Amino acid sequence: MKSSDPQTGFRSRADAVSVVLLLTVCALVIRLPFLGDANADIDEQLYSLIGNAMLDGKLPFVDLWDRKPVGLFLLYALAHAIGGPSPLAYQLFATGFAVLGAMLTRHLALTLVDRTVAMGAGVLYLILMALYGPHSGQTEIFHVPAMLAMAILVRDPSHPHAIRRALAAMLIGGLALQIKYTVVPQCAFFGLWALWGQYGRDRSLVRLARLGAAFAALGLLPTALVGLSYLAIGEWDAFWFANFVSFFDRLPSPAGRFSAHWLYQLPLVALAGLGAYAALRRMGIPTDRRTYAFYAAWLLASLATVFLPSTVYAYYYAALVPATILLALPFLDRRGPLRLAPMLAAIAICFSLLYYGTRVDATQRSRAGMAQLVATISPLVDDRTRCLWVFDGPTALYRETGSCLPTRFIYPDHLNNALERDALGIRQIDEVRRILSRPPPVIVTADIPFTTQNEEVKALVMQTVTRDYERRSHARIHARTISVWVLRDGSAETD
């Protein structure tokens, strides 16, 4: 039987195609419940809106505000340029990145296990990524494959082209920073690993310093180019504030970084713990101990990525998925006494945690609720002056109803979340007063907030809708009641 090419992990072109097809089918099945659902998740609705707006000439940070790097919005713009404005465009685009991540996980797994177990690792990656939040289009689905690519390039410091590969890895890391800045601890780890490898081969500190400077320059290059682009059009201040200042101005969550999500972490903790135990007990011996140590250190760097922000959301844990799987390989390896049982059990248990049937039911109810809201709102708004305002609810309602946008702070969380009080460059209450000064024909609210609310803003909005609006419709979506408030006749000033 022909062995796999150590560079690609495939026996032939036909073998590569079969692996890609199998992982693609798995990805589509796992992610199928959410394909086409405009309210499949929360944050990505904003990314999609900004990506679509960029195709119409709008600029992130200037015309529409968020603190995510521009590279993320460019990915969404590309997805919509290829597939149209619907959510299916970015969801299929994200599915492609999910398959890429699974392929790269499989490639790294081949350093420790055989083809069968490595393929199982790829499937497990798809399941765990869906379980930990990026089931539709969350940022982790895009930047985690970049981290996997960096790992592949720097893992082996004895490679004859190690320096060239490390330089390429640093550039990939720089691109990943333009998706989400919190990958910086992982980028730093990969750079230090590559430098340590070169130090072991050539102990010249001067040469090492030069190489480190080159790594840093390549890592910063994409962000520097974006910054210079904004400088060239006179919008440097908008770029600098959104990308760097606002991150530190955002207030920390009262819950802190470490007090929540312990139950949510159990699958990852179990896999990593069992893998480390198996390695120590020699149930499945890693064939390359340096590589296994590399994966363990990478997991620690990934933890730094998760806990870097002052507020930790559950989907941040998706950053831990690839390193956790690789660390678990000694337990999942079929050369152990239990053969394939650990891998099959891990896949089955993790898939069961998706609660697939429940997700299908939830997304169907979400689609029905969104359709009801859209049917109510669409006749009352337009794309010029009659703008919907979503104070709290699905951001996707703007696109679904064809409404214009009443503010550049279009993400509901930015104006209702108390943690954002000092992080927008404006006072939340002032912007809300400005919006309400020209009464929107429709305001959308929700009964249960996602985050700690700015009570002053909330009181003003509820006072306004109670006095000047009537509740025309409501829908139950993801355990929240979303209400549509329509301006009463005579409540607005006549133009």
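Contact here means heavy atoms within 4.5 Å. The views below show a predicted model, in which local features need pLDDT of at least 70, side-chain atom pairs count only at pLDDT 80 or more, and totals for chains, interfaces and linings use all residues. Residues are numbered from 1 along each chain as its sequence is written, and side-chain values use heavy atoms, with hydrogens and water left out.

View A. Ser 473 is a residue of strand β3; helices (H or I, at least four residues) and strands (E, at least two) are DSSP runs, numbered from the N terminus. Ser 473 counts as buried because its relative accessibility is 9%, where buried means under 20% relative accessible area, exposed over 50% and partly exposed in between (1.4 Å probe, protein chains only). Not counting residues up to four places away in sequence, Ser 473 touches Gln 372, Thr 376, Ile 482, Ser 483 and Val 484. With Thr 376, the side chain of Ser 473 forms a polar contact of 3.5 Å. A polar contact is a pair of N or O atoms within 3.5 Å; within protein, one must be able to donate a hydrogen and the other to accept it, and residues adjacent in sequence count only if both atoms are side-chain atoms.

View B. An open sheet of 4 strands has the order β1-β2-β4-β3, with mixed pairing. Its edge strands, each pairing on one side only, are β1 (389-390) and β3 (469-477). Two strands pair if DSSP finds at least two bridges between them. The pairing of β1 with β2 is parallel, over 2 bridges, and places Val 390 opposite Val 444 in β2. Strands β2 and β4 run antiparallel and are joined by 5 bridges. Across this pair, Val 442 stands opposite Val 486, and Ile 443 stands opposite Trp 485. Helix α16 (residues 356-377) lies across β2 (442-446), β3 and β4, and runs at about 160 degrees to β3. Axes are lines fitted to C-alpha atoms, for helices over the stretch in contact, and angles run from 0 to 180 degrees between N-to-C directions.

View C. Strand β4 (residues 480-487) pairs with β3 in the antiparallel sense over 8 bridges.

**View D. Burial of strands β2 and β4.** Strand β2 is largely enclosed by the rest of the structure, because 5 of its 5 residues are buried. On one side of β2 are Val 442, Val 444 and Ala 446, on the other Ile 443 and Thr 445, and all are buried. Strand β4 is mostly covered, with 8 of its 8 residues buried. Arg 480, Ile 482, Val 484 and Val 486 point one way from β4, whereas Thr 481, Ser 483, Trp 485 and Leu 487 point the other way.

**View E. Packing of helices α7 and α9.** Helix α7 (residues 162-177) packs against helix α9 (residues 205-232) at an angle of about 35 degrees, their axes being 6 Å apart. The crossing of α7 past α9 is right-handed; a crossing is left-handed if the near helix is turned anticlockwise from the far one by less than a right angle, and right-handed if clockwise. The α7 side of the contact includes Ile 163, Met 170 and Gly 174, and the α9 side includes Arg 207, Phe 215 and Pro 222. By class, this contact has 12 nonpolar, 3 polar and 1 charged residues. Ala, Val, Leu, Ile, Met, Phe, Trp, Tyr, Cys and Pro count as nonpolar, Asp, Glu, Lys and Arg as charged, and the others, Gly among them, as polar.

View F. Phe 61 is found in the loop between α2 (43-55) and α3 (70-83). Phe 61 has a positive phi, near 75 degrees.
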